[in-house]
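Biologist: Please put the model up. I would like to go through the terms used for it and what each one rests on.

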Amino acid sequence: LDLTSPIRSQILFNLVGDLLCYSGANEVNIQLSIVRSACRELRDQIDEECLTFNYDDNCGLGGNSRDRDEIILLNDWIKRHPRLKYFECMIRNAAKFRVMLEELQLPANTRCSFVFEFKVSSHEVEQLLRRFCVRKLSLMPEEEKEASGGYPSQRPLTWKVTPSLQVLCLRSCSEEIVKSFFSVSPKLRRLQVVDSKIQSIPSNISQNLTSLSLTGITNLPDEQLSKLLMACQNLRSLYIAKCHISHISFALPQLELLSVTHCRQLTDQCATEILSPANNPCLRFVDLSECRSLTAPTVEHPELEVAWLMHCPQLTGQAVSAMFRACTSLTAVNLVQSSIENALLASASLRTLELTTSQKLADGAVTQLLENCPNLSFLDVGHCCQLVEPRLAHPILETILLSFCVNLRESAVTGLFDNCPRLRYVEIAVCMFDMTKFQRTCRPECTVVVNFDF
């Protein structure tokens, strides 16, 4: 960006100024690494946003012209940007892509991202990797057929090694395709595999992988998946969804984010093991939503900050209470559509709690959590139809959602406004009393919503 020094300094101060404060000799340079990281992140974002050319083949760049004419016009536009560093392309038309492979001209070393919404042959992938410096790639590979019999070929694909490829998404692909990409992508950092047929792990997994996402992988046995994960020792984030797993095990020393969702065969024992600090000591975020077979996993991780356990209807109150006691760093918990009734939810660090549509939640549980979570600022108990008259009192609570609590009494809401001095936002739509009264009488800094414009 062509900005003068004072403006650049002001932008920096607004973004990281709170890290530059100095209040004593003991604080000198303590935050220096954070400032450096923030500055590097800002530089990378500015480069990527301001030096990127985005092309979508539905954008109408060439009007009604032929595919070749549109690509020639695209080349003319690209020539107007000599500082171009990144080229991002979304393409849905196979014929236009084939013209692009022959005609597209980019400045040297331009890092490219391609998303294809049609099946791409291995020969076209080879051409793409040879012609361009591909950094991100999302595609549905077309399986090669044998000359006789019509079955997919099991021959390994011989592509040129592509050290620039860092982010890869493979949809509806075979095991051989995955292995082929691993063999030519030594610096691959993020991999997503969706709805693909994989029964064993590749032997050439990139040791640089920091993020792995597996969705709809139903043929991979638990022991093979465990072996795959154990081979990725540098993973920081792991996403598993809609996979037929019941008992996997892995120990990843750098893993910070773990999401295992819509895995309805996941057992309590498996969840307990993968959430153990002995196996994954750096875990900070966990999402086990829609794992409907979970009842009482043991969650005792002192570093865990965020826990999402949405739509786990069999999860017991005792298991949830134990998690709150043992996970001393929790700041946000989501228990949407839980079956807890009188669980003790107590946490000194908790700031956000979502309990909406927990149909069994009782007055006593809400009263106690407000007493035992001193730093809570956001509470969602909407659609909790068993709430009648909980004591809604908290010194720093700012937001509370109570809509569709159809049995809630007016006296409970009156107590809320009397005993929560820092309220800023309240939803009380579809309650069985005159809700507009609280709009008229609340403090001016507080917003009260009593209906929704659907």
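Modeller: Buried means under 20% relative accessible area, exposed over 50% and partly exposed in between, with a 1.4 Å probe and protein chains only. The model is predicted, so local features need pLDDT of at least 70 and side-chain atom pairs count only at pLDDT 80 or more, while totals for chains, interfaces and linings use all residues. Residues are numbered from 1 along each chain as its sequence is written, and side-chain values use heavy atoms, leaving out hydrogens and water.

Biologist: Which residues of helix α10 are buried?

Modeller: In α10 (residues 363-372) these are D363, A365, V366, T367, L369 and L370. Helices are DSSP runs of H or I with at least four residues, strands are runs of E with at least two, and both are numbered from the N terminus. The cover over the buried residues of α10 includes β13 (352-354) and β14 (378-380), where contact means heavy atoms within 4.5 Å.

Biologist: What makes F417 and F438 a stacked pair?

Modeller: Rings of Phe, Tyr and Trp (its six-membered ring) pair if their centres lie within 6.5 Å; planes under 30 degrees apart count as stacked, over 60 as edge-to-face, the rest as tilted. The centres of F417 and F438 are 5.4 Å apart and their planes are at 10 degrees, so the pair is stacked. F417 lies in helix α11 (residues 410-419) and F438 in helix α12 (residues 436-441), 21 residues apart.

Biologist: Why is F438 called buried?

Modeller: Its relative accessibility is 4%, so F438 counts as buried. F417, at 13%, counts as buried too.
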